[in-house]
Amino acid sequence: MGKKLLLDQGSGGLASHRLVADVFFRHLGNTILARMDDAALIRPKGPLAVSTDSFTVDPIFFPGGDIGSLSVHGTVNDVAMLGARPLYLTCGFILEEGFDLDDLERIVASMAMAAKKAGVKVIAGDTKVVPRGAADKIFINTTGIGEVVVSPAPSGHRARPGDVVIVSGSIGDHGLTVLSQRQGLSFEAPVHSDCASLNHLTLKLVKGLPAVHVLRDPTRGGLATTVNEIALQSGVGVTLEETTILVKPVVAAGCEILGLDPLYLANEGKIICILPEKHAAKALTIMRRDPLGREARVIGRVTAENPGKVVMRTGLGGHRLMGMLEGEQLPRIC
Amino acid sequence: MNSSEALRDPELCRGVLGRIEEAMHGQSLRFMEVCGTHTVALFRSGVHSLLPKSVVHLTGPGCPVCVTHESEVAAYLELAERSDVIIATFGDLMRVPGPGGASLKKAQAEGARVEVVYSPIDALEVAGKHPGDKVVFLGIGFETTAPTVAATVRVARDRGLANFFVMPFHKLVPPAIDALLSDPAMCIEGFMLPGHVSAIIGLEPYRPLAEKYGIPSVVAGFEPLDLLQAILLMAEMKRQGKPRVVNNYKRVVADEGNPKARAVLYEVYQPGDALWRGIGTIPGSGLVFSEAYKAFDAFEALNVTLKESKPLPGCRCGEVLKGIMPPSECPLFAKACTPATPVGPCMVSTEGSCAAYHKYQLDLSPGH
């Protein structure tokens, strides 16, 4: 049994200072953070992209990642989807009294590693410890700041008829991994979260192809929800080809058992890229050269018909509507 | 090509589609599926959108959540309010609306203890962890689910768990089909029979379909080719005037079903009358605890009764469940009744007919 977190360690007193120095600074320290002023001082060169996200994933450790790395990837990716270069993160921790200090250290080390890989610095932070039961182990909020490098920035409002829809790889990996871990289910083949920071890949895309109209990462709600959001924002229709969407066999099989649709499961390391068809080949080349986009493919196109709707052409050549879900997917009876 | 690829092969499917067209021979036929998984598979695969206009494929009372009566919903919501009760349920029931728009999801937000489980056995774990509370599993589901629940009750008995109970809301498919066909408003000319239910009950209970009603029926699997072959077989039997019960899902369904599962089922339960949403009482269409297992009956042990409750105003679930009206013709569909504000469970359940139409049907104009 490792040491457990005490309420004192969030009190603002010496115990807090020791926790900050021993855990947070040791892993995340940098010259801006080290000044220990009330706020971080940054000198932006131009327009900034800012995004914030809170992470409450259960379980906190899962194959392919943990709540720490996820809190970096998730926010870095949101900033990156504006075609921006993420530079800084702030992070707020809400920790439950009694939380294992070794686990905390593992999580912070994992954040540091993810931040280093993404090339971002943690420049401000906060830690609160709440009484047992007032939070579930650990919640992390991160805010990301990045400099915008293209104008106009990619946006969900910019999809146009004639554009193609590209996705950078397989769908549903993260969602199924977390759900199956939560339920204590194991499958014949291992499933891994795809969580990764996509900013290096998106930067290559927007620099090589300023014509990119939309970049989005299909996180909660999955591919289906994100494409629907884009169709609504842009006032266009989208037709997807079912056979071109990659779902790993183990993910497909797991979904079948649980009665889930992989198209609605979260991804944490995938990009949807929408751009004029004439640039599709170049976009695919750029994406496939990156380890995170090796399996990039065109999965559909933007249409003037069916504005606000997403139509799926099935393998048989039939079609169906692919709508948004009301809430979380629930496993079925039967 | 492996067998599961073959069952999704576009070429093979197109071939069967062509043969369906031929078999229809200019006539128009009304078929019905009575399994929510078929409902979804027909939409998801695109088969629905590819069928010739002369084939009308209706959705029957095949979703166990949808046929759960409002009195049953009211009864479990009443139990959920008790401080010493933990409700264990499959996730499908969480959003089902009860009287006044109440649901398990809302009850949970107000403090009710509700555990979503993936298997009834998980509910035993909940009971083991909370010895001071009463854990009530909501036994909803057709013949597919009921044997697993029965087996769970046996395990509970063997473990001596005195705080585990089941609300027996199970429903049986063949009596429901019989009730549908006895309704003069119905004109169904073929039944696509449920794959999973048939794996338990076998073909015997469907004999009256052919012998008493002269209606062709086919036990079908869930892949596109399964669905299309079933439709082809129904159309051919209809054309030849030789109605039979055909098992076209032999890779899963044995003609005699699963006698072991039935033995467990009928050790714990016995047939009883059941209330169906939108339809009413169907004699012998439910399961009640047998004498030896009465101690697990939540109704008796926790002193709950089914109270009369009014159907939700304006809801045409009955006609939709009976296939008399497609969901899109219900005046509430996609207006007052949406997945965000469901008036009936058919709009909530993943495999509900209204939810499936709302989710998958591109063209909602009449006739589709």
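This is a predicted model: local features need pLDDT of at least 70, side-chain atom pairs count only at pLDDT 80 or more; totals for chains, interfaces and linings use all residues.

User: Where in chain B is Tyr213(B)?

Analyst: Tyr213(B) sits in the loop between helix H11 (207-211) and strand S8 (217-219) of chain B. Its C-alpha atom is 7.7 Å from that of Leu181(B), although these two residues are 32 residues apart along the chain.

User: And how exposed is Tyr213(B)?

Analyst: Tyr213(B) counts as partly exposed, because 17 other C-beta atoms lie within 10 Å, and that label covers the values between the limit for exposed, 12 or fewer, and the limit for buried, 20 or more.

User: OK, moving to chain A. Which strands make up the open sheet there, and in what order?

Analyst: The open sheet has 4 strands in the order S1-S6-S4-S5 (chain A), and their pairing is mixed. Strand S1 (48-55) and S5 of chain A are the edge strands, each pairing on one side only. On average, neighbouring strands of this sheet are turned by 15° against each other, if direction is ignored.

User: What holds strands together in a sheet, in general?

Analyst: Strands of a sheet pair through backbone hydrogen bonds, and the pairing can be parallel or antiparallel.

User: How many bridges does S6(A) make with S4(A), and in which sense do they pair?

Analyst: Strand S4 (residues 84-96) of chain A and S6(A) pair in the antiparallel sense over 11 bridges. Within S6(A), Ile138(A) stands opposite Leu95(A), while Gly144(A) is the bridge partner of Leu89(A).

User: What about S1(A) and S6(A)?

Analyst: That pairing is also antiparallel, with 8 bridges between S1(A) and S6(A), and here Asp53(A) stands opposite Thr142(A) in S6(A).

User: Which helices lie across those strands?

Analyst: Helix H3 (residues 67-80) of chain A lies across S1, S4 and S6 of chain A and runs at about 30° to S6(A). H4(A) lies across S4, S5 and S6 of chain A, and its direction makes an angle of about 175° with S4(A).

User: Tell me about H4(A): how many residues does it have, and how far does it reach?

Analyst: Helix H4 (residues 101-118) of chain A has 18 residues and reaches 26 Å from its first C-alpha to its last, which is close to the 26 Å expected at 1.5 Å a residue. Its buried residues include Leu104(A), Ile107(A), Met111(A) and Ala118(A). Seen down the axis of H4(A), the buried residues fall within an arc of 160°, so they line one face of the helix.

User: What comes after H4(A)?

Analyst: Gly119(A) follows H4(A), and its phi is positive, near 75°. From Gly119(A) to Ala134(A) there are 15 residues in sequence and 34 Å in space, taken C-alpha to C-alpha.

User: Is Ala134(A) buried or exposed?

Analyst: Ala134(A) counts as exposed because it has 11 C-beta neighbours inside 10 Å, and its place is in the loop between strand S5 (121-130) and strand S6 (138-148) of chain A.

User: Last topic: how many residues does each chain bring to the contact?

Analyst: Chain B brings 33 residues and chain A brings 18 residues. On the side of chain B that touches chain A, the largest share, 4 residues, comes from H3(B), and the residues of that side divide into 16 nonpolar, 12 polar and 5 charged.

Terms used
Residues are numbered from 1 along each chain as its sequence is written. Chains are lettered from A and ligands numbered from 1 in the order in which they are written. Helices (H or I, at least four residues) and strands (E, at least two) are DSSP runs, numbered from the N terminus. The expected span of a helix is 1.5 Å times one less than its number of residues. The arc is that of the directions from the helix axis to the C-beta atoms. Two residues are in contact if their C-beta atoms, placed from the backbone, lie within 7 Å. Ala, Val, Leu, Ile, Met, Phe, Trp, Tyr, Cys and Pro count as nonpolar, Asp, Glu, Lys and Arg as charged, and the others, Gly among them, as polar. Two strands pair if DSSP finds at least two bridges between them. Axes are lines fitted to C-alpha atoms, for helices over the stretch in contact, and angles run from 0 to 180 degrees between N-to-C directions.
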